[in-house]
Amino acid sequence: MMRRGEWGAYVQHKAALRDADPAVYANVPQNVNDFGDFEYLGNITIGTPSQPFLVVLDTGSANLWVPGPTCDGSCSGKRVFDSSKSTTFQANGKPWTIQYGSGNAKGFLGEDTVAFGAATEKQLPVPSTTFGIATHISSDFKNDAAEGILGLAFTSLAVDHVVPPLINAINQGLLDQPIFTVWLEHKGAANNVGGGVFTYGALDTTNCGPVIAYQPLSSATYYQFVASKFTLGTYTIAKNYQVISDTGTSFLGGPKAVIANLAQTLGATYHSDDDSYYLPCSTNIGSLDILIGSNTYSIQPINYIIDVGMGDGTCVFAAFAFNNFGFGPAWILGDPFIRQYCNVHDLGQQRMGFAPSLQAK
């Protein structure tokens, strides 16, 4: 729809829906909780009456899944979706398997109303949404506070091309604009504390300043665009890189040699046992600067040096190396970047906007 010049018809359709049903919301903010600056989780409900789940709101994937009642022991301790208790559930039964950067899950598909937000909050209900009901999840997810993952990327990235919940909401005309804003907070080592807001259908003008610039997407699969320079202290690498914005990645990911040079510039020490770079929490050689388009975006040390709660003044450089083997993005701009700058995901015009976080240090 958004690539075929049908936006005008969409607006008229949305207005008609709004007139017919004043409960259709133009935009909806969803609060998320911060888990040690490593993970940001939000509440959703599925079914009628609603069944609650705590999920990763993940711009780096495009499928929604939660545990089901036939899940094996890997789902132990997590809430499960019981389709027999929902009057709006429609069976599908198609099997699915998803492999993430770390972890995997599998199960079968179903269809029901998925609502962004907790039942006690203003919600964005999206009827007739296809989602995964997991029968197995890997240990990465088993030991995590999250009960599932809600992917916010494009349908083209989705396994089996299942329409993601937010894309479904846009296609049904439930939002004012086909955009959403992500604002994340730095809360340090605190767990399960208020840590940001995802605003669907609008710019977040409460927590974010004016948009500095928009950058066109180079691929509308992930939220992928081009960055052309990374600078920290005396180290600079100037090269056009394909990068993605990803709320589901705790750190910054990049080419091995570049990450090693950044770590060396910081004086960080590599530990092979956990594939991490350690350094004193007091380290401060200035901002990590990223050139996107004609604008430089500066990540301050408070957002790229993470206190992992050791209690001895030791922190972790919030970056990791990965090899894309020449395919896909070379960099992942994860939570450290998004804590510094609100990210505006403009699906209609296929571009990313960046605005200063009014709370960022």
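**Terms and their grounds**

Reply: Of the contacts in the chain between residues at least 6 apart in sequence, 67% join residues at least 24 apart; contact here means heavy atoms within 4.5 Å. This is a predicted model, in which local features need pLDDT of at least 70 and side-chain atom pairs count only at pLDDT 80 or more, while totals for chains, interfaces and linings use all residues. Residues are numbered from 1 along each chain as its sequence is written, and side-chain values use heavy atoms, with hydrogens and water left out.

Me: How do you know that the radius of gyration of the chain agrees with that of a compact globule?

Reply: The radius is taken over C-alpha atoms, and the globule rule is 2.2 Å times the number of residues to the power 0.38. For 361 residues a compact globule would have a value near 21 Å; the chain has 20 Å, and therefore the two agree. The C-alpha trace spans about 60 × 50 × 40 Å along its principal axes.

Me: Which helices and strands are counted, and how many are there?

Reply: Helices (H or I, at least four residues) and strands (E, at least two) are DSSP runs, numbered from the N terminus. The chain has six helices and 25 strands.

Me: Why is A169 called buried, and why is T97 called exposed?

Reply: Buried means under 20% relative accessible area, exposed over 50%, and partly exposed in between (1.4 Å probe, protein chains only). A169, in helix α3 (residues 165-171), has a relative accessible area of 0% and is therefore buried. A169 touches L124, V126, L174 and L175, residues up to four places away in sequence not being counted. T97, in strand β5 (residues 90-99), has 54% and is therefore exposed. Beyond its neighbours within four places in sequence, T97 is in contact with A105, K106 and V159. Buried residues make up 53% of the 361 residues in the chain.

Me: What makes a set of residues a nonpolar core, and which residues have the most contacts inside the largest one?

Reply: Such a core is a set of buried Ala, Val, Leu, Ile, Met, Phe, Trp, Tyr and Cys residues joined through side-chain atoms within 4.5 Å. The largest has 74 residues, and L124, Y200 and F337 have the most contacts inside it. Another core lies apart from the largest one and has 18 residues, among them C71, W96, L109 and I137.

Me: Why is the pair of F38 and F251 called tilted?

Reply: Rings of Phe, Tyr and Trp (its six-membered ring) pair if their centres lie within 6.5 Å; planes under 30 degrees apart count as stacked, over 60 as edge-to-face and the rest as tilted. The rings of F38 and F251 are 5.6 Å apart, centre to centre, with 45 degrees between the planes, and form a tilted aromatic pair. The pair links distant parts of the chain, 213 residues apart. F38, at 30% relative accessibility, counts as partly exposed, whereas F251, at 12%, is buried. A search of the whole structure finds 22 aromatic pairs.

Me: What makes the charged end of R351 sit over the ring of Y214?

Reply: The term requires NZ of Lys or CZ of Arg within 6 Å of the ring centre and within 35 degrees of the ring normal. The charged end of R351 sits over the ring of Y214, 3.6 Å from its centre.
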